[in-house]
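Biologist: Please take a close look at one part of this model, the cavity and the helices around it. Keep it brisk.

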Amino acid sequence: MDASDQSKLSLTERRKETTRLEISHRAAELFSDAQAESVTADSIAKASGVGLRTFYRYFRTKEDAIAPLLENGVGDWLNLIESTPASVSIGVTLEQAARRSFTELRTSTENVALVRRLLRVVVHDPALLNVWLRVVNDTEIKLISVLETRMRPGTDPLEIQLFAVAANTAQRMAISAWVHGAKPESAENEPVDIAVRCLRILTAGLDTDAHA
């Protein structure tokens, strides 16, 4: 949940969201530092300073607890797209959001380092991977809604969906490159450049000048 959404919440809801994120952070730390099978809902609850019943009020399974931390970064990226002036073309909007999100990624510290460690573990555990893929899928659905408000009235819904798929896939591939930390042999292998390259390739047949 991003800052603008958080400001609209009641005090009780903000406390619940704070608790939810705290549990998510502790879960990410445990999954990053130990074998997934050795992490339990009870160990996450204890690390978070809450009871097991409280844990299950927020999350259905131990793996679900990593979702809020992963969703936070996604929410920031969607906000960058949504806050870009409508006069800016959709192609430029998506590229600018990709560049800004990875620039901010490089300047962030604790949370970003934790997300990177977590995603390195996620790919090796099917249950954790399912949570990450669900976050990716939910992002695509949210992105479609954001793009619907930015593209000119009457735009083919299929085209909007294609833009969402292209942007989401490009960002996911760039995140994968960042997570696994391969040393780039050229600037084109930097995560942000991977995102932009993928965007341009995947939207080559679309009207990237389209805007509201």
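Modeller: Helices here are DSSP runs (H or I, at least four residues), and strands are E runs of at least two, numbered from the N terminus. This is a predicted model, where local features need pLDDT of at least 70, side-chain atom pairs count only at pLDDT 80 or more, and totals for chains, interfaces and linings use all residues. Residues are numbered from 1 along each chain as its sequence is written, and side-chain values use heavy atoms, without hydrogens and water.

The lining of the largest cavity draws its largest share, four residues, from α8. A cavity is a set of points on a 1 Å grid over the protein atoms alone where a 1.4 Å probe fits but cannot get out; lining residues have an atom within 4 Å of a point. The count is one cavity of 30 Å³ or more. The largest has a volume of about 30 Å³, the space filled by probe spheres set on points joined across faces, edges and corners. Its lining is Glu71, Val74, Val135, Asp138, Thr139 and Lys142. The elements giving two or more residues to this lining are α5 and α8 (126-150). By class, the lining has two nonpolar, one polar and three charged residues. Ala, Val, Leu, Ile, Met, Phe, Trp, Tyr, Cys and Pro count as nonpolar, Asp, Glu, Lys and Arg as charged, and the others, Gly among them, as polar.

Glu71 also belongs to the α5 side of a contact with α2, where the α2 residues include Arg20 and Leu21. Contact means heavy atoms within 4.5 Å.

Technical notes:
1 Å grid on protein atoms, 1.4 Å probe; cavity = no way out; pocket = protein on both sides within 12 Å on 5 of 7 lines; lining within 4 Å.
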